[in-house]
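Subject: Structure handover

Hello,

Here is the structure for your files. My notes on what was found in it follow below.

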Amino acid sequence: MSLEARRIRVQGIVQGVGFRPFVYRLARRHGLKGWVLNDGEGVEIWLEGQASDLEGFLAALFEEGPPAAQIVRIQAHAAVPGGYSDFRIIESHKHKHPVTQISPDLGVCEDCLRELFDPADRRYRYPYINCTNCGPRYSVILGLPYDRPNTTVRTWEMCPACEREYHDPLNRRFHAQPTACPVCGPRYFLRTGGAELRDEVAAIREAVRLLREGKIVAVKGLGGYHLACDGEDPKAVQALRERKFRKEKPFALMVPDLQAARALIELTPETEALLTSSARPIVLAPARRHLPGVAPDNRDLGVMLPYTPLHHLLFAEGAPDVLVLTSANRSSEPIAYRDDEALKQLWGIADAFLMGERPIARRLDDSVVQQSAFGPLMVRRSRGYAPAPVATLPVQEPILAVGADLKNTLTLVVEGQAFMSQFVGDLEHYEALLAHQETLHDLLRIYELDLQQLTAVHDLHPEYRSSQHALSLPARRHLALQHHQAHVASVLAERGVYHERVLGVAFDGSGYGEDGAIWGGEFFVGSLAEGFRRVAHLRRALLPGGDAAAHFPVQAAAGFLWGLGDLSDLTQPPFCFPERFLKALELLRKGVRTFPTTSAGRLFDAVAALLGFTQEMTFEGQAAIWLEHLARTAPPVEVYPLPFDGEVLDFRELLLAVIRDRRQGRDIREIARAFHGGLAEGICTAARRLAQRHGGVVAVVLSGGVFQNTLLLNELRACLTSSFPQIWVNQVVPSNDGGISLGQAALATSSLRGS
Ligand code: ZN
Ligand code: ZN
Ligand code: FE
């Protein structure tokens, strides 16, 4: 029998997930010799042995990989045997610049959980238990290659027992970089007022006692601090709202297990799988129970399961079964992740701090996914997902896309792989702007790229902070790209669709248009390769007061209703519009500070105002969400007209119908429903006619924040299916502005290839 050799390259998430020991065991099982190593591109394997054993190895490589690994590609080449006498794991060597995929953080695994609650185990009740199959990754990585000295655990020296496990290829903790135990590793403690409770078990018990008493406890997690309180205690929830200056925005919940989650929200097999996946996102789904104060005016609840050992310990110690667990920050500042920063920012909000000694390398909010007619959709992509690549783009040059100003994320393209950053936040807050800059430099540092090599891509909006920051960077080249084209492009990038033409529908709150107007109800034809052309849009309205109008639905109402007859009686019942409405009309009359817009988000605001949402919004999209949830409580009704003339989708008849029905005392839930149905039908009609006119369109693409509206998506799916073979929406990245950076990177790809 003859000896054969193979050189094998494995790419994907294959580092820091126990891949080398898995290969080691597999090679020994098949009686093969050679070596395995980590480098900047992934894992490389040299194998020698009988042909049949080599075949068996390759088949098992694909099928049996470790749970946290994600193999993207395996390439095997025949080689000349080198006469190895054993199989070894050899030292990592460094690549020119790293392109390997960094593993996202992983929820604690079953094996570690078993040990956590086993009194005989040496890590019994140790809140930092982890192994190669689970635990922190991106949140502890300081640089590549992924080795202990490049993590935030580097200051803790391993004890002999941990050391033994770490060096044993047959152990679950072989090269588990953040491995630790109660003897050698970091600990948790509790701080209340001036006092510190250092005993870990006592600290966790005391935190639980405080939670049960209705107190608010700041808890250090994987990617930052959370504020926790009893979700079934309305007084505690109210206190949290008041102290956090978060009047109405829904809070996320954590429950101990799937059973408890099922009791709170309506789940599907898909969302159950997500809830229990190692990414452990918050799942947003229809509520089965009402919890006062947790999600006002909202029929959904956001629920997640425990993902750190500490979360499990808290529940095991008797923490309330429904815990509010919300990012620790004031209003919409970024999540606090440094201890000193948390203590300072949360002073006066938290009654106690359950703090851990292991530093967090970078902030990572909880991710959020939502159930829809198209399956689960990403709403916020952060912990558990970042920084895994979201797309492969046909480009070799490095690209940095800085995203938009709301729900900011960044995307870095290295050798065609698009890595999207964690969620950064709204850049109008100074803290978030700093976080944006920090994230940008962090990504460049990890992938060892210089700004001078990069094409920096930003939004067309000259006043976006992200645009201004991008322009201040000493990049090789700068590119400004249109917001709504980027929305559509993000969907195509996810799917790797480069040449096919689509009809793109981008509906959102606002984005800077090619003509300088505020866009947000746009239809495009084109492809990533050829670019996009705007072919239709929502009727133009005038928005009085500019950006402030995004906070006051009555201001949007004034603009959208302008020219539709006498509006002065809207200050009377049933509308009761406040003074602000008359002032907005005044601006329109004088023609000062009014801005043309085609924003669908503002149309939602106008309708919400007519149905009673006349106050200021306390978070982005609040009026539109209110309107959606109102509509979801009504049965299907006859829809309002939204005619399309080939170029413009005209909302005037629809708004007049809303006013008429409201005056006649029709149930506002039915009006809201008729509006949703009308919008869906209008979009469908327009899409159908545009596709016919422009020909050669393979799919209709929906993107933009408006398509987070699950009722609208349901109705659109129902009516688009008959005319389009394919309906594509965002699934990997958010359809809101959190997905813009990927779209920018994808659009830049074609500009670079064309130049
Ligand atoms: Zn584990
Ligand atoms: Zn130890
Ligand atoms: Fe947008």
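Which residues in H16 meet which residues in H17? Phe-604, Asp-605, Val-607 and Ala-608 are on the H16 side, and Ala-623, Ala-624, Trp-626 and Leu-627 are on the H17 side (contact means heavy atoms within 4.5 Å). These residues comprise 7 nonpolar, no polar and 1 charged (Ala, Val, Leu, Ile, Met, Phe, Trp, Tyr, Cys and Pro count as nonpolar, Asp, Glu, Lys and Arg as charged, the others, Gly among them, as polar).

On conventions: this is a predicted model, in which local features need pLDDT of at least 70 and side-chain atom pairs count only at pLDDT 80 or more, while totals for chains, interfaces and linings use all residues. Residues are numbered from 1 along each chain as its sequence is written, chains are lettered from A and ligands numbered from 1 in the order in which they are written, and side-chain values use heavy atoms, leaving out hydrogens and water.

The axes of H16 (residues 600-610) and H17 (residues 622-631) come within 8 Å and cross at roughly 65° (axes are lines fitted to C-alpha atoms, for helices over the stretch in contact; angles run from 0 to 180 degrees between N-to-C directions). Helices (H or I, at least four residues) and strands (E, at least two) are DSSP runs, numbered from the N terminus.

There is also an open sheet of 5 strands with mixed pairing, ordered E4-E1-E3-E2-E5 (strands pair if DSSP finds at least two bridges between them). Its edge strands are E4 (70-79) and E5 (87-89). E1 (residues 4-13) and E4 run antiparallel, joined by 9 bridges; Arg-7 has His-77 in E4 as its bridge partner.

Regards
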